[in-house]
Amino acid sequence: TILDAIERASAHGADLLVVPECALSDYLPSPDLDFELLAEAESEIARRAAERGLYVALGVVRRQGGRWFNTAILVSPSGETIGSYDKTHLFEGGREIFTPGDSLPVFRCGRWTVGLQICFDVRFPENWRILRGKGAELALHLSNASRGARWKLPVLEGAVRSRAAENGIYVVSANDARAPQMMVSAICAPDGTHLAQAPQDEETVIYAELNLSEVNSDFLAARRTDIWRRPENRPFLLE
């Protein structure tokens with residue numbers, strides 16, 4: 001499916017493809033997960049990305065030092081992995097398996113500075129503000145929010161829109177398409193409007209053209225940081 005999406009994106013003239021969280025393994029990996037098979041699949045995706053000249057953001061799981069991590073990797077058009085991000089906020093169920101990451105890196109993709117976020121991270125605006133502070137102009141959000149709780153659709157749509165608008169950045173959010181979805185894949189402009197949105201519960205590829213000049217710092221410039229620095233408010237800033 002991912003290889004087919006690479007072909008479709010390339011034929012459409014895309015520069016970047018984003019696929020969902022844990023796309024190669026599913027959300028909760030089993031202890032007997034075949035890592036050799038996963039590595040082969042990851043290598044094939046990287047080879048195809050290089051053949052088609054695409055950046056690909058891919059959701060994987062990895063095991064290091066006996067610990068599991070829920071990870072997003074960024075593959076360059078040369079087929080090299082140029083960055084990775086370990087999910088920092090773990091939802092119920094995931095906490096029992098994965099170790100949370102503690103880093104919020106950004107990466108250069110051509111002219112763009114890009115940050116990665118995964119699923120539940122959308123609920124925590126501090127992550128996104130840090131990425132913006134590090135220069136991110138585009139956030140790639142890989143998600144696996146499906147197979148339940150359809151009431152979350154408008155809530156999570158609002159969260160994605162808000163993360164874009166409050167930081168003045170583009171957000172590309174790719175979600176697992178299995179029904180019932182809890183959020184719908186979408187591409188948001190820096191003002192929080194949708195440039196593209198996938199049909200609900202349908203596997204597809206959506207497209208949008210992003211314009212770097214549209215990225216802005218309007219809301220950042222209006223922040224009252226003096227209020228945060230007041231002694232009576234500081235204990236509540238991060239606690």
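Predicted model: local features only at pLDDT ≥ 70, side-chain atom pairs only at ≥ 80, totals over all residues.
# Notebook: strands, cores and side-chain pairs

Residues are numbered from 1 along each chain as its sequence is written, and side-chain values use heavy atoms, with hydrogens and water left out.

**Entry 1, strands 3 and 4.** I looked up how these two strands pair. Strand 3 (residues 67–75) and strand 4 are antiparallel, with five bridges. Two strands pair if DSSP finds at least two bridges between them. Helices (H or I, at least four residues) and strands (E, at least two) are DSSP runs, numbered from the N terminus. The two strands make a hairpin with five residues between them. In the turn, glycine 79 has a positive phi of about 90°.

**Entry 2, strand 6.** I moved on to strand 6 and its partners. Strand 5 joins strand 6 through four bridges, and the two run antiparallel. Valine 106 stands opposite glycine 115 in strand 6. This is a hairpin too, with two residues between the strands, and glycine 110 in the turn has a positive phi of about 65°. Strand 7 pairs with strand 6 in the parallel sense over five bridges. There, leucine 116 stands opposite leucine 140 in strand 7.

How many residues of strand 6 are buried? I found seven of the seven, so the strand is largely enclosed by the rest of the structure. Buried means under 20% relative accessible area, exposed over 50%, and partly exposed in between (1.4 Å probe, protein chains only). In a regular strand the side chains alternate between the two faces of the sheet. Here both faces are covered: Trp112, Val114, Leu116 and Ile118 are buried on one side, and Thr113, Gly115 and Gln117 on the other.

The largest nonpolar core has 39 residues, and Val18, Ala57, Leu116, Leu138, Leu140 and Val171 touch the most other members. Such a core is a set of buried Ala, Val, Leu, Ile, Met, Phe, Trp, Tyr and Cys residues joined through side-chain atoms within 4.5 Å. Leaving aside neighbours within four places in sequence, leucine 116 is in contact with Ala57, Ala72, Ser84, Tyr85, Phe107, Leu131 and Leu140. Contact means heavy atoms within 4.5 Å. Apart from this core lies another, of 17 residues, including Ile73 and Val205.

**Entry 4, aromatic pairs.** I counted four aromatic pairs. Rings of Phe, Tyr and Trp (its six-membered ring) pair if their centres lie within 6.5 Å; planes under 30 degrees apart count as stacked, over 60 as edge-to-face and the rest as tilted. Phenylalanine 91 and phenylalanine 120 have ring centres 4.9 Å apart and planes at 70°, so this pair is edge-to-face. Phenylalanine 91 lies in the loop between strand 4 (81–86) and strand 5 (106–109), and phenylalanine 120 in the loop between strand 6 (112–118) and helix 3 (125–133), so the pair ties together parts 29 residues apart in sequence. Phenylalanine 91 is partly exposed at 37%; phenylalanine 120 is buried at 18%. Tryptophan 112 and tyrosine 170 are also edge-to-face, at 5.8 Å centre to centre and 70° between the planes. Tryptophan 112 is in strand 6 and tyrosine 170 in strand 8 (residues 170–175), so this pair ties together parts 58 residues apart in sequence. Phe91, Phe120 and Phe124 form one aromatic cluster.

My search of the whole structure gave 15 salt bridges. The rule is a side-chain nitrogen of Lys or Arg within 4 Å of a carboxyl oxygen of Asp or Glu. Which residues does glutamate 44 bridge to? One is arginine 47, with the closest N and O atoms 2.6 Å apart. Another is arginine 48, at 3.4 Å. Arginine 48 and glutamate 44 are four residues apart in helix 2, about one helical turn. Arginine 48 is buried at 19% relative accessibility, while glutamate 44 is partly exposed at 26%. Glu7, Glu44, Arg47, Arg48, Glu51 and Arg52 are linked in a network of salt bridges.
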